[in-house]
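Me: I would like to go through the aromatic contacts here and ask, for each label, what it rests on.

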Amino acid sequence: MAEVTFREANKRYRRAFVPVMVVYTIAVFGGSYLLKQFETPPTWLAAIVALIMAAPVGGVLWLMWRLSRETDEYTRQQQMAAMAAGGMITAFFSVVWGFLELYNVVPSLWTFLVGPIFFLSYGLIYCVSRRSFGAGFEK
Amino acid sequence: MINTLRELRAERGWSQGDLADALGVSRQSINALETGKFDPSLPLAFRIARLFGKGIEDIFDDGLGHMKKAAE
């Protein structure tokens, strides 16, 4: 693991995050535009477009992993705890929804939503933990 | 774990941000350390001790020091 300070690690994250998001935006809009040119897009093309759209999300996850390795130990602990909690919330939500779906109580959930549910729960928990542990800062 | 980080920092007139920069960690880390919400790893404890020119045990106390002294 490279020895970088907290500030440097965050700078490296932000520097890489922006281009990845630009690629994601281009892939989503460009891919959608491309597929709309066909009445019925070929499966192979649809698959390639879908994978290209998903690749930057994998990039963001890798950046999050790298940041957690490079940041200071306290922030790493907070991030890992929030990621674990986010993962558990997502898993529990999926199981509850799955059982409800099994007995036709709720409609089938779009698998695509699992990612946003994880990121949302991870983000919220991380913000709450930062707020509660970050109270009482001295300038 | 109890520590004297806040006192040592105050003696030098440093802010939490100054200490965080000197150690290469976040200000949240310093706050968590000072309030006893977070115990540092051994490498970080050494870095803190070196920065203040003290021994680790002069800064951090796990509350069992008195037991050691009693045994001696």
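Reply: Over all chains, this predicted model holds eight aromatic pairs.

Me: Why is the pair of Y13(A) and F17(A) called stacked?

Reply: The ring centres of Y13(A) and F17(A) are 5.6 Å apart and their planes make an angle of 25°; because centres within 6.5 Å make a pair and planes under 30 degrees apart count as stacked, the label follows. Both residues belong to helix 1 (residues 6–36) of chain A, where they are four residues apart, about one turn of the helix.

Me: How do you know whether Y13(A) is buried or exposed, and what makes F17(A) partly exposed?

Reply: Y13(A) has a relative accessibility of 18%, and since buried means under 20%, Y13(A) is buried. F17(A) has a relative accessible area of 27%, which falls between 20% and 50% and therefore makes F17(A) partly exposed.

Me: Why is the pair of W14(B) and F52(B) called tilted?

Reply: With 5.6 Å centre to centre, W14(B) and F52(B) pair, and their planes are 35° apart; stacked needs under 30 degrees and edge-to-face over 60, so the pair is tilted.

Me: What parts of chain B does the pair of W14(B) and F52(B) tie together?

Reply: W14(B) lies in the loop between helix 1 (5–12) and helix 2 (16–23), whereas F52(B) lies in helix 4 (residues 42–52), so the pair ties together parts that are 38 residues apart in sequence.

Me: What makes F52(B) buried?

Reply: Its relative accessibility is 4%, and because the cut-off is under 20%, F52(B) counts as buried.

Technical notes. Residues numbered from 1 in each chain as written. Chains lettered and ligands numbered in written order. Predicted model: local features only at pLDDT ≥ 70, side-chain atom pairs only at ≥ 80, totals over all residues. Heavy atoms only, no water. Phe/Tyr/Trp six-rings, centres within 6.5 Å; stacked < 30°, edge-to-face > 60°. Helix = DSSP H or I, 4+ residues; strand = E, 2+ residues; numbered from the N terminus. Buried < 20%, exposed > 50% of the residue type's maximum accessible area, 1.4 Å probe, protein only.
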